[in-house]
Amino acid sequence: MSDRRPLDVELVLVPVDRSEESANAVEHAAAVAAEYDAAVHAVHVLGEDVVRAIETGVVDDEDVVADSDAIQESAHDIADRYGVALSTSVAYGFSTKMKLRHPGSVVLDTAEELGADFIVVPREPVSGDPGEVLAKAAEYVLLYASQPVLSV
């Protein structure tokens, strides 16, 4: 029996927002990373409401940063528990200028840019909460990703 694994994983990508499902996805991403001695990258995907508020100056940038920091801190806590390295970024999951920019495409673009080998996406109920932007991203990522995808 060979020690060869069917997957060679060095970087696991997980999109995050304010939802509980997102935190669960980070748990799964960290568990996969720990199993493969890989790192995790959590991308905080900003939704349409937040992006529009930023672009029109309706929301204080410091509020957006504080929200993102809290999400990233939670992801770091989870990664630390699993003993895996975590990097983070923030991405606009919507654009008033680019018609094809949406949360699913942002996840796949980020995966390509970072060279992610595996993606973990949260399946979220469509609750209408503006902080939960990944509800429809999972299906898109499952359909179009070239990497293995775990939907949790």
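Predicted model: local features only at pLDDT ≥ 70, side-chain atom pairs only at ≥ 80, totals over all residues.
Figure 1. Among contacts with a separation of 6 or more, 76% join residues 24 or more positions apart.

**Figure 2. Surface and interior of the protein.** As for the interior, 43% of the 152 residues count as buried.

**Figure 3. Ser151 and the residues around it.** Here we zoom in on strand β5, which spans residues 149-151 and includes Ser151. Ser151 has a relative accessibility of 16%, and because the cut-off for buried is under 20%, Ser151 counts as buried. Leaving aside residues up to four places away in sequence, Ser151 is in contact with Val121, Arg123, Ala138 and Leu142.

**Figure 4. A patch of negative charge on the surface.** Our last stop brings together four acidic residues: Asp60, Asp61, Glu62 and Asp63 form a negatively charged patch on the surface. One of them, Asp63, lies in helix α3, which covers residues 61-82. With a relative accessibility of 49%, Asp63 counts as partly exposed, because exposed requires over 50%. So Asp63 is a partly exposed member of the patch, whereas Ser151 in the previous view is buried.

Methods: Residues numbered from 1 in each chain as written. Heavy atoms only, no water. Helix = DSSP H or I, 4+ residues; strand = E, 2+ residues; numbered from the N terminus. Buried < 20%, exposed > 50% of the residue type's maximum accessible area, 1.4 Å probe, protein only. Contact = heavy atoms within 4.5 Å. Patch = residues over 30% accessible without salt bridge, like charges linked within 9 Å, V, L, I, M, F, W, Y side chains within 5 Å. Areas by Shrake-Rupley, 256 points an atom, 1.4 Å probe, with all protein chains shown as cover. Salt bridge = Lys/Arg side-chain N within 4 Å of Asp/Glu carboxyl O. Lys, Arg positive; Asp, Glu negative; His and termini not counted. Charge placed at Lys NZ, Arg CZ, Asp CG, Glu CD.
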